[in-house]
Amino acid sequence: MRAIGHIAVNVFRESVRDKVLYSIVAFAVMLIAVSYLLAQLTAGQDLKIIKDLGLASIATFGLLMAIFIGIGLVWKEVERRSIYGLLTKPIRRWEFILGKYVGLVLTLLVNVAVMTAAFYAVLAYQGWGVDELARRAWPAPPMDPALLSAIALILVELMLVTGIALFFSTFSGPFLSAVLTLGLWVIGHFNTDLRNFENVVESRAAAWLARGLYYALPNFDTFDIKAQVVQGQHVAASYIALSVLYGMVYPALVLTGAVAIFSRRDFK
Amino acid sequence: MALGILFTAAVGLQAVRDRQAPLASPGTEHLLYVRSPEFLKRAALSYDSLVADVYWIRAVQHYGQTKLSAGQSKQYDLLFPLLDLTTSLDPRFNIAYRFGAIFLAEQYPAGAGRPDQAIALLEKGLRQQPGKWEFAQDIGFVHYWWRKDYVQAAEWFTRAGAMPGAPNWLSPLAAVTLAQGGNRESSRRLWQELLGSADAAWLRTQARFRLSQLDAMDQIDALEGVVRLYAQRTGSPPRTWGDVIRAGYLQGLPIDPERHEYQLNPSRGTVTLSERSPLNPLPTPEQPRG
């Protein structure tokens, strides 16, 4: 466990030193702040637009970080040949993979926290000094704590993306890993269509195949409760709990796969 | 130093280019590349709510730019497709249904002049949220104000009044609408109730504007009465408001609620709003349908 901790802290330190990461977070914070101006372009619903844009910024920039840092975690070590030195130390390969994963999740957690703080600051400014009648038009208050549940599920989604990026990076280069991870993320948003495939095709085999893919591929739609939260709709705690659980089990699955592949790789 | 010079040069070039004749518009303002809500919903991945915001902003801009454009033939042809896409991407985008219906129903050229599309949009909202009494009230309102169909209006007010959470003035309003049709007093009552209950600032502004129009219509009726009285007493109609003031029928120049002077037409003895008054055009006389 200590080895995992050391590797995780190193990944975190390395990420914090990365100027690109700062640029991404700065851009996200700027976009969240600019949402206030964008909201002035419309009639009504300014709060909705700020919330939509804020949550979308956190999700998008988090996704960029997860993919572009995740794909380089293993590849960089191989490319720099530092992997040889690392593997001579008393570190098992599964500890190496898990440490890398935990380090990146820690980095994402800190960055999402920074973006969330900026998001709430803009919301507080928007809600400040608004009269009671205007408040009644809002489906949910500006500083709605329910937004945190949407952000928490975004973070869980990012954990899954990180796991997938890390999995691909154990056997392919950064470009291919990025394409594959992004591709899987896109496909993961069409999962509902796969489930309903049997309603549009006559072939039972095709329907079964689609149903199989529906369960096998990661379902990213399950983590998306942004619209519901912004509209002030109640999201059942059981739904959130099951989604979080799914977001724990699936990364465990891909990380196991990553460890299996990485353990078989010959670095001699 | 070099930075300063280059920055000044960039700003200067921008200013010089702006002073030149602007580049001709490519004419893409009236293009909507994607019209299928189903496709757009899939293509938006998990960003459908944000894409709905983008389409809503585009709908507002399209309405505002067309309304303010100086051209003779104003085209609101994209308004309904944009609102349809917005509400398909985010079916609970309540303001898009309510404001969108106002944009669509408003008489041409101030709006699209399509109360039928306004009703279709609100009915779509009701299919999504069957208990949303505000949509039913707005449908009644479109029938009342724009279609002058008081039977349908009363029916929708009744339906809205029966929905959970609806204010208690809706059912009596339905009865008044049915009994008195579109007379000015029932119109005033409708707008006053909306002014008191609307939680969106833009709807309250609309209600205030319509109440000012109704006040102006009352004032025009009273002024035309004064003009007739002047003509009866003196044997000839007044040529200017000065004649009426000197005769003691008015204490000063008559101004509308937006502080513009009313216009006197001496040959016909009629009174109208100033062309500059923002209250133009006043609603047409209440002619019930059917």
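1. The model is predicted: local features need pLDDT of at least 70 and side-chain atom pairs count only at pLDDT 80 or more, while totals for chains, interfaces and linings use all residues. Residues are numbered from 1 along each chain as its sequence is written, and chains are lettered from A and ligands numbered from 1 in the order in which they are written.

2. On overall dimensions, chain B has a radius of gyration of 25 Å, whereas a compact globule of 290 residues would have one near 19 Å. The radius is taken over C-alpha atoms, and the globule rule is 2.2 Å times the number of residues to the power 0.38. Along the principal axes, the C-alpha atoms of chain B fill a box of roughly 80 × 60 × 35 Å.

3. Of the 290 residues in chain B, 34% are buried, that is, with 20 or more other C-beta atoms within 10 Å of their own, C-beta atoms being placed from the backbone.

4. Contacts (C-beta atoms, placed from the backbone, within 7 Å) link 23 residues of chain A with 18 residues of chain B. On the chain A side, the elements giving two or more residues are α3 (46-70), α7 (132-136) and α12 (226-230) of chain A; α3(A) gives the most, with six residues.

Methods
Two residues are in contact if their C-beta atoms, placed from the backbone, lie within 7 Å. Helices (H or I, at least four residues) and strands (E, at least two) are DSSP runs, numbered from the N terminus. A residue is buried if 20 or more other C-beta atoms lie within 10 Å of its own, exposed if 12 or fewer, and partly exposed in between; C-beta atoms are placed from the backbone.
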